Structures are given as C-alpha cells and as structure tokens.
Amino acid sequence: MVAKEKGLGRRLLGWFGWTVLVLFVLLTLLAATFAYYSQRGPTKAQQAALALLQKDYRPTHGVNAFPLLFYMNHNVPEDRLDAQMAADVERVRKRLDGASASKEAADEDYTDAPKLPELSTEEKAALCAHDGKGCLAQVVAQPEAVRAALAAHPIRVARAQAFEDADYFWNEFPASASSPTVIGDIRDGRRLWLSAFALKYAEGNHVDGLAATCRNLGAWRRMARGTNSLLNRMLADGFRDGAIRLYADMLVALPADEAVPEDCALALQPVVAADADLCPVWAGELAMFESALREADKSSASHGVSASLYPFFDLHKTTAWFALHLSPACGSQANARFLADELPHREELERFPFWTVFSVPPGATWPECMANAVGCVLFNVGADTGKYDARLLGWAARLRLAATLLWLREHSGEGSIAERFEHRPAELRSTNHASGFDAERGVIYVEDSYQSDKHHRFELPVGSLP
C-alpha cells in the first residue's frame with residue numbers, strides 16, 4: 001500500500017514537473033516572440049507606405065479657399081482673410097502645444113473675428129437647400145422672398161465670386177482632432193449662393209445664371225481635388241452634387257435657341273487622374289491619426305505613464321500599419337483603377353485568432369499584433385476606410401452623368417434620348433455603376449455603389465430635351 005502511494009506521488013510530481021517545463025517553454029517562446037516583434041521596426045513595405053503618405057502634397061501655387069470658407073459666417077474683409085487665418089492658426093497651435101491641450105481647442109474662441117447675422121427662419125424657408133434639390137422651382141415660386149434674403153446678407157453672397165477664383169481647399173490648422181474645421185459652418189452661405197444663381201435664371205438671365213452655377217460646380221470640383229481632409233473632401237463632393245442638380249434643372253429648361261455657356265463644358269470636362277487622386281486626403285488622415293496617438297501619449301505622460309514606453313504600444317509601428325492600410329488608394333495604380341471605375345486593390349485583413357473581433361494590420365502577424373496590442377486596437381478603430389473608395393467612384397459617376405446631360409443636348413436630333421444615352425462616348429460611362437434612362441420618371445440616373453443596399457440612384461431630369 002505504501003509502495004503504491006509512493007508510486008502515485010512520483011507520478012504526480014512527474015506530471016507537475018512536465019507541466020512546469022511546458023509552461024516554462026511556452027512562456028519563453030512567448031517572451032522571445034514578444035521581444036522579437038517589439039524590436040523589429042516597420043517592414044520595407046510599411047516604410048514605403050510611410051514615405052508615400054508623409055510627403056507634402058500641398059499645392060505650390062494658387063489660391064486657398066479654406067480661409068474664405070472658414071470665415072463664411074464672420075465679418076472679415078476679403079483682403080484680411082489670410083491675415084486672420086494666420087493669426088488664428090497660431091492661436092490654435094499655441095493652445096495645442098500647451099499643457100492644457102484638449103477639446104477646448106475646438107471651442108468657438110478659436111477666432112476673435114466678429115460674427116455675421118444669422119439667417120432667420122423665414123429666410124431659410126425661402127432659400128434653396130444646400131443640396132440643390134428643387135432649388136430652381138423654389139426660387140421661381142417666391143422670387144421676392146429670395147431677393148429680400150439675399151439683400152440682407154450681402155457679404156456672404158459676394159464671396160461666391162471670390163470662391164470661383166480659388167484653386168484648392170487646404171486646412172490651415174495643425175493636424176489634430178482638436179483643431180477646428182469648416183464642417184457645418186458654411187451651409188448658410190451655400191444656400192445663399194445657390195439661391196442667387198437660381199434667381200438670376202428665374203429673372204430671365206438664363207445664360208448668366210447657368211454660367212455662375214457651372215463655375216461654382218467647377219470650383220467645388222477643384223476643392224475636392226486639392227484638399228488634405230477627408231471630411232472636407234466629402235463636403236466638396238457633396239456641394240458639387242448640389243450645383244449639379246441646379247445646373248441640370250437650368251439646362252433642361254433652357255430654350256433651344258439659347259447657347260449653353262462655355263463655363264459648363266469647362267466644369268464638366270472628362271474625369272481625370274487629378275479627380276481620383278486621394279494621396280493628399282490619406283496623407284492628411286495619416287497625420288491626424290499620428291497626431292491622435294501623440295496626444296494620447298502626451299496625456300498619459302501628464303499622468304505619470306508614458307504611452308510610448310508602455311510595453312504593449314509602439315507609436316511608430318502603429319502609424320506604419322495605418323500607412324500601409326491607406327496606401328493602396330494612393331498613387332498612379334490606384335488612380336488608374338479609379339478612372340476605370342474599379343476599386344483599388346486592398347489585401348483582405350486577416351482576423352485575429354480565437355475569440356476577438358479584431359483584424360491583424362496589413363503586413364503584420366497576430367504575434368506582432370499581440371506585442372503591440374494597444375496599437376492593434378487603435379488600428380482597428382481607424383481601419384474602416386474602404387467605403388470611401390466606393391464613394392469616390394460614386395462621385396465620379398455623378399460627374400459623368402452631369403456631363404452626359406450636356407452631351408445629350410448637344411447631340412439632339414441623333415435619335416431618341418434612350419438611343420443617345422446608350423451611344424454616349426466611353427468617357428461618359430461608369431462601367432461598374434448601373435445607369436440608364438427612365439422614361440416614366442423622365443430622368444437619367446446612375447446607381448450609388450456605396451449605398452447599394454438602399455438601391456439609391458442619383459437622378460437628373462431630362463425635361464424637354466429634344
């Protein structure tokens with residue numbers, strides 16, 4: 001009996017020893033893996049992506065529309081816009097550099113410029129919506145109310161002329177989530193501009209009203225090309241769509257004996273690589289991402305814990321992961337795919353094993369993700385960028401549809417609208433977007449791929465086009 005108990009004790013000790021040995025080996029491998037991936041810097045592909053997206057893409061010449069749009073609701077003389085912008089950029093920069101950098105940097109005390117009067121409820125009801133839907137019909141129905149609203153806000157109305165002469169839309173403020181933007185600040189000015197164009201047309205000055213609308217359309221197209229902000233790119237493309245809707249309403253109502261102003265052909269030239277180039281946008285987003293990481297690092301340091309020294313967070317490597325994730329939508333190959341109405345080629349992200357819902361960053365492995373666990377989580381927070389690729393294709397398809405409407409008018413007498421639409425030239429087609437002529441509704445349309453689940457169509461009327 002004693003011998004059996006000793007034998008059992010030896011076996012238990014043996015199992016315990018083997019268990020300890022296996023755990024020791026596993027922990028040693030885990031420590032070695034952690035040490036290896038912690039010390040290994042970005043891969044060559046990640047380094048190349050960083051180099052691509054840390055370039056300075058700011059245009060070297062031309063007029064920046066950002067100050068004009070940023071101060072849309074402020075009484076700043078046109079010749080003082082740049083000086084006011086420089087002063088406010090310095091104000092925000094000092095605040096961000098200070099120990100109290102926080103959400104307070106985005107408060108409305110970013111400028112000391114006096115505010116312009118707000119639009120009244122009655123004025124907003126009379127003016128066009130900022131998306132341009134039904135704008136011409138609304139102005140035709142109540143021209144006096146529109147005229148009065150425009151007269152009450154001359155400074156905002158006058159800035160439409162300066163905007164036409166702008167070349168790009170570059171956010172002057174430091175890359176930071178705490179920096180102010182123009183989002184939500186320019187809709188009232190936009191309503192005034194569209195209403196002014198429509199009123200000119202409604203009063204019988206068809207050519208000037210249509211020309212002003214097309215110049216505005218072309219200006220927003222330039223703003224979309226030349227911006228370092230994804231939000232402002234979306235803003236520019238959305239407001240360009242509003243100008244397209246008003247242009248379409250004017251064009252189809254234009255008498256056959258009146259010539260279409262050349263401004264429309266200029267604004268609706270074929271989509272080119274510059275329209276598809278997202279390098280400035282993604283470079284701006286990478287700068288914002290890196291800034292957010294640094295601000296978190298600074299905040300942690302103020303509490304006695306430096307995030308950059310934390311063993312599960314590598315700021316530089318996390319930035320490199322994000323750069324490699326963004327880079328497929330930047331460069332000549334991406335532009336060529338966009339112009340062919342195709343999405344850029346992105347590697348499908350590998351899922352982290354076991355129970356998590358996280359994806360492993362591109363160019364990384366799951367052990368590397370474990371070694372930079374905080375960075376992996378932060379990467380996943382900002383990784384959903386593919387939907388914007390589809391939006392870009394949708395916006396290009398809308399631009400082609402607007403150009404198709406002009407082409408249909410210019411080629412009247414060459415068959416029915418349906419026949420002409422089917423025979424439009426290749427540069428007016430978006431091959432991967434369903435489009436057509438809906439005779440029952442009297443519209444030509446293109447479907448939005450990024451809203452395919454809603455079966456959403458962007459439609460333009462054909463009216464009385466011959």
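Student: By class, how many nonpolar, polar and charged residues are in the lining of the second largest pocket?
Tutor: Eight are nonpolar, four are polar and nine are charged. Keep in mind that this is a predicted model.

Student: What's the volume of that second largest pocket?
Tutor: About 470 Å³.

Student: Which residues of its lining lie nearest the centre?
Tutor: His130, Met234, Gly238, Phe239 and Asp241. The lining of this second largest pocket has 21 residues.

Student: Which element gives the most to that lining?
Tutor: Helix α11 does, with seven residues. At least two residues each come from α11, α19 and β5.

Student: OK, on to the largest pocket. How much space lies in it?
Tutor: About 580 Å³. Its lining has 29 residues.

Student: What lines the largest cavity?
Tutor: A set of 17 residues. Arg233, Val271, Asp275, Leu392 and Ala396 lie nearest the centre of that cavity. The elements that give two or more residues are α10, α11, α13, α16 and α19.

Student: Which of the elements has the largest share?
Tutor: α19, with six residues. You'll find α19 at 386–410.

Student: How many residues in the lining of the largest cavity are charged, and how many are polar?
Tutor: Seven are charged and none are polar. The other group is nonpolar, with ten residues.

Student: And the second largest cavity: where does the largest share of its lining come from?
Tutor: From α19 again, with four residues. The residues that line this second largest cavity include Ala397, Arg400, Leu401 and Thr404. Phe421, His433 and Val446 are also among them. By class, the lining has five nonpolar, four polar and three charged residues.

Student: Let's do strands. What's the order in the open sheet?
Tutor: β3-β4-β5, with antiparallel pairing.

Student: Why is one side of β3 and of β5 left without a neighbour in the sheet?
Tutor: β3 (435–438) and β5 (457–461) stand at the edges, so each has a single partner strand. From one strand to the next, the twist averages 25°.

Student: How many bridges join β4 to β5?
Tutor: Five, and the two strands run antiparallel. As one example to find, Ile444 has Leu460 in β5 as its bridge partner.

Student: What lies across β4 and β5?
Tutor: α19 does. The helix runs at about 160° to β4.

Student: Last topic, helix packing. At what angle do α9 and α11 cross?
Tutor: Roughly 10°, and their axes come within 11 Å. α9 and α11 are therefore roughly parallel to each other.

Student: Which residues of α9 and α11 meet?
Tutor: On the α9 side they include Leu194, Phe197 and Ala198. On the α11 side they include Phe239, Leu246 and Met250. The residues of this contact of α9 with α11 divide into nine nonpolar, one polar and two charged.

Student: What about α9 and α10: how do their axes cross?
Tutor: At roughly 150°, and the axes come within 6 Å. That makes α9 roughly antiparallel to α10.

Student: Which residues make that contact?
Tutor: From α9, they are Arg190, Trp193, Phe197, Lys200 and Tyr201. From α10, they include His206, Leu210, Asn216 and Trp220. The contact of α9 with α10 divides into six nonpolar, four polar and three charged residues.

Key:
Residues are numbered from 1 along each chain as its sequence is written. This is a predicted model: local features need pLDDT of at least 70, side-chain atom pairs count only at pLDDT 80 or more; totals for chains, interfaces and linings use all residues. Side-chain values use heavy atoms; hydrogens and water are left out. On a 1 Å grid over the protein atoms alone, a cavity is a set of points where a 1.4 Å probe fits but cannot get out, and a pocket is an open set with protein on both sides within 12 Å along at least five of seven lines; lining residues have an atom within 4 Å of a point. Ala, Val, Leu, Ile, Met, Phe, Trp, Tyr, Cys and Pro count as nonpolar, Asp, Glu, Lys and Arg as charged, and the others, Gly among them, as polar. Two strands pair if DSSP finds at least two bridges between them. Axes are lines fitted to C-alpha atoms, for helices over the stretch in contact, and angles run from 0 to 180 degrees between N-to-C directions. Contact means heavy atoms within 4.5 Å. Grid points are joined across faces, edges and corners, and a volume is the space filled by probe spheres set on the points. Angles under 35 degrees count as roughly parallel, over 145 as roughly antiparallel, 65 to 115 as roughly perpendicular and the rest as oblique.
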